[in-house]
Amino acid sequence: DKKQTGDGQNTIRLGAHYIGAIGPKLKLTGGANAVMHMENDKQKNGLLLDPNVGIGYDLNDKMSIGAVVGYAFQGKSEIGGTEVPDSDGNLLYIMPWFHYATCASSGFWLALGSDWEDVMAGYPIMGKRFFANAIPGVTAGYYRTF
């Protein structure tokens, strides 16, 4: 992150997700993301964790709907070795989604949530100081598997 507008930090984002069938049309999902900011000489950001669980339902062979409930939390940050007041936060959210497969290996998805630099957060249920409780929005995407 060497841009003038950046904070001079590089980031590692790791995640694991599981999708399993619990019936002919019903799916259970679960996962977690962890974001670690590399410390530099000025700033150290706290660890961000985002575990979530969800459920999905196949409307037909190409379309499915569902929702994810997650709890994201951010540790405290430091600048020059001094802890930044109110730099930690947490957010309990729900993120409804819609998926349309164009074929077996590609498709579109739409989620009612905001895709931030470090985390994808849905509509806030409760929390404190987490990206100003994550301004809700809509995120669209396209995927292709190989």
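At 44% relative accessibility, Phe 108 counts as partly exposed. Partly exposed falls between buried, under 20% relative accessible area, and exposed, over 50% (1.4 Å probe, protein chains only). The model here is predicted: local features need pLDDT of at least 70, side-chain atom pairs count only at pLDDT 80 or more, and totals for chains, interfaces and linings use all residues. Residues are numbered from 1 along each chain as its sequence is written, and side-chain values use heavy atoms, leaving out hydrogens and water.

A search of the whole structure finds 2 aromatic pairs. Rings of Phe, Tyr and Trp (its six-membered ring) pair if their centres lie within 6.5 Å; planes under 30 degrees apart count as stacked, over 60 as edge-to-face and the rest as tilted. Tyr 71 and Phe 73 form a tilted pair, 5.5 Å centre to centre with 40° between the planes. Tyr 71 is partly exposed at 35% relative accessible area. Phe 73 is partly exposed too, at 31%.

Phe 108 and Tyr 142 also form a tilted pair, with 5.1 Å between centres and 55° between planes. This pair links distant parts of the chain: Phe 108 is in strand β9 (residues 106–111), Tyr 142 is in strand β13 (residues 139–144), and they are 34 residues apart. Strands are DSSP runs (E, at least two residues), numbered from the N terminus. Tyr 142 is partly exposed, at 48% relative accessibility.

## Strand β8 and its partners

Two strands pair if DSSP finds at least two bridges between them. β8 pairs with β5 in the antiparallel sense over 12 bridges. Phe 73 has Asn 90 in β8 as its bridge partner. β8 also pairs with β9, again antiparallel, over 6 bridges. There, Trp 97 has Ala 111 in β9 as its bridge partner. A hairpin joins β8 to β9 through 2 residues.

Strand β12 (residues 123–128) runs antiparallel to β8, with 5 bridges between them.

## A sheet of three strands

An open sheet has 3 strands in the order β3-β6-β7, with antiparallel pairing. β3 (43–44) and β7 (82–83) each have a single partner strand, so one side of each is left without a neighbour in the sheet. β3 is joined by 2 bridges to β6 (residues 78–79). Lys 44 stands opposite Glu 78 in β6.

## The largest pocket

The largest pocket holds about 740 Å³ of space. A pocket is an open set of points on a 1 Å grid over the protein atoms alone, where a 1.4 Å probe fits, with protein on both sides within 12 Å along at least five of seven lines; lining residues have an atom within 4 Å of a point. Its volume is the space filled by probe spheres set on the points.

The pocket is lined by 25 residues, and Ile 19, Thr 29, Val 68, Met 95 and Trp 97 lie nearest its centre. β1 (11–21), β2, β4 (48–58), β5 (63–74), β8 (89–103) and β9 each give two or more residues to the lining.

Gly 30 is in strand β2 (residues 26–37). Gly 30 and His 17 are 13 residues apart in sequence and 5.7 Å apart in space, C-alpha to C-alpha. Leaving aside neighbours within four places in sequence, Gly 30 is in contact (heavy atoms within 4.5 Å) with Ala 16, His 17, Tyr 18, Asn 52 and Val 53.

Asp 88 sits in the loop between β7 and β8. Asp 88 is buried, with 16% relative accessible area. Beyond its neighbours within four places in sequence, its contacts include Gln 74, Lys 128 and Arg 129.

Key:
Helix = DSSP H or I, 4+ residues; strand = E, 2+ residues; numbered from the N terminus.
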